[in-house]
Amino acid sequence: MKYYSTQRKVKEVSFEEAIFKGLPDDNGLYMPEVIPKLPKSFFESAEDLPFYQLAFEVLSPFVKGEINPDALLGIVRSAFDFDIPLVHIHDQVYSLELFHGPTLAFKDFGARFMARAMAYFLKKQGREINILVATSGDTGSAVAQGFFEIPGIKVTILYPSGKVSKIQEKQLTTVGSNVHALEVEGTFDDCQRLVKAAFLDVPLNKKLHLSSANSINIARLLPQSLYYFHAWRTLAGYPDEAIFSVPSGNFGNLSGGILAKKMGLPVRGFIAATNLNRIVPDYIESGKFNPRSSIATISNAMDVGNPSNFQRMMALYNGDYNALKKEISGFYLDDEATRQVISKVYSEYDYLMCPHSAIGYEALKQNRKNFDIKMPGIFLSTASPSKFTDVVEPVINNTISMPERLQQIIDRKKQSTVIGSDYETFREFLLSQGPV
Ligand SMILES: *Cc1c(COP(=O)(O)O)cnc(C)c1O
């Protein structure tokens with residue numbers, strides 16, 4: 001499979017090149033040249049497959065000839081070694097819990113697959129790299145965990161100072177070993193800008209062999225299509241169609257869903273659900289894409305003012321606004337309403353959601369009025385509520401127990417380096433750290 005840049009100004013590359021380059025030189029994003037249609041037999045037998053086998057079938061065409069089948073099976077088996085429950089909430093409303101991996105958030109899927117795929121190629125190449133990651137919350141910890149102690153890879157994580165939750169900060173700053181946390185005095189958009197600038201800095205790349213691990217990396221995107229198949233095949237009787245509601249920030253998760261649909265998954269429609277950073281819902285409404293500064297909210301992993309995967313969404317619809325609008329509806333919710341949703345669902349259905357997932361739930365609930373009520377609706381639960389105790393506990397007026405994995409991290413000491421948000425300072429920091 002070849003991968004092209006959405007800007008179409010550079011030539012196509014292999015999966016191996018795309019994964020290490022992260023961002024093409026023309027500032028586009030890599031996309032697979034063709035989207036393979038899965039055979040009928042896959043859908044007929046999907047119910048019986050263990051998840052890693054499903055993952056193997058879906059991902060094989062994307063890495064064919066580059067990762068041998070045995071190695072791929074090994075990678076997906078070790079990457080996806082946790083549960084993915086589909087929980088019935090009420091009526092035809094289901095929660096797809098994507099937070100049972102090591103960092104209790106859905107980004108474990110992409111990060112764990114990417115780390116293992118990279119390790120596979122680096123071993124073959126006998127090479128070492130530096131990975132840069134900008135995070136608004138969960139990305140960083142998923143990547144840090146995914147790469148922890150992988151030989152030949154050093155990871156630098158940038159996060160906006162004071163704008164991630166206490167627990168997220170601990171997860172970012174306590175990994176140690178080959179993983180270093182940079183606390184940037186600025187917003188998440190500043191962090192993203194710094195990382196983008198470094199990738200476009202050719203002399204710096206020559207010295208440090210930079211690579212990305214953000215949701216822009218194609219190896220993060222592909223596995224995010226897997227659980228849409230899994231959700232559908234877990235529903236009784238293989239419904240003809242389903243609706244997916246996706247709490248979104250950079251729109252990697254939703255892009256994974258669109259990819260699954262293009263591969264043949266029977267999806268009626270998606271809901272692009274955001275907090276007040278409503279750039280994409282506004283686009284769907286008006287046809288105008290207006291990136292702006294991000295606004296801080298209680299669903300902070302979705303505080304994105306310039307969604308980086310927007311180009312990919314457009315590419316998946318061949319740039320056709322009307323085609324996109326036909327399949328995706330927009331929805332947004334402010335913090336106060338989000339708190340009310342958490343509270344209501346907790347008291348009525350005894351189900352506790354993190355603020356991101358709550359927006360997904362409400363988007364689905366309000367949107368379902370436009371569909372056949374028998375059609376199953378699935379909202380993606382992107383993080384465990386136990387990672388957001390500071391928001392959730394006052395809302396439900398109760399304490400929630402902390403998973404042991406999290407408690408151990410909270411007890412560790414934070415280690416980070418504080419820097420300003422200008423590129424020169426960042427560049428100097430990287431050079432002072434040297435190669436791997
Ligand atoms: C990253 C994240 C999102 C948004 O996902 P995108 O792929 O960036 O749209 C939503 N919820 C949580 C908990 C996240 O960590």
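This is a predicted model: local features need pLDDT of at least 70, side-chain atom pairs count only at pLDDT 80 or more; totals for chains, interfaces and linings use all residues.
**View 1. Strand 4 and strand 12 pair in the parallel sense.** Two strands are said to pair if DSSP finds at least two bridges between them. Strands are DSSP runs of E with at least two residues, numbered from the N terminus. S95 has F379 of strand 12 as its bridge partner. Residues are numbered from 1 along each chain as its sequence is written. Local features need pLDDT of at least 70, side-chain atom pairs count only at pLDDT 80 or more, totals for chains, interfaces and linings use all residues, and side-chain values use heavy atoms, with hydrogens and water left out.

**View 2. Strand 9 runs parallel to strand 12.** Strand 9 (residues 242–247) is joined to strand 12 by 3 bridges. The bridge partner of F244 in strand 12 is I378.

**View 3. Strand 12 is largely enclosed by the rest of the structure.** This is so because 5 of the 5 residues of strand 12 (residues 377–381) are buried, meaning under 20% relative accessible area with a 1.4 Å probe and protein chains only. G377, F379 and S381 lie on one side, I378 and L380 on the other, and both faces are covered.

Note on methods: Buried means under 20% relative accessible area, exposed over 50%, partly exposed in between (1.4 Å probe, protein chains only). Helices (H or I, at least four residues) and strands (E, at least two) are DSSP runs, numbered from the N terminus.
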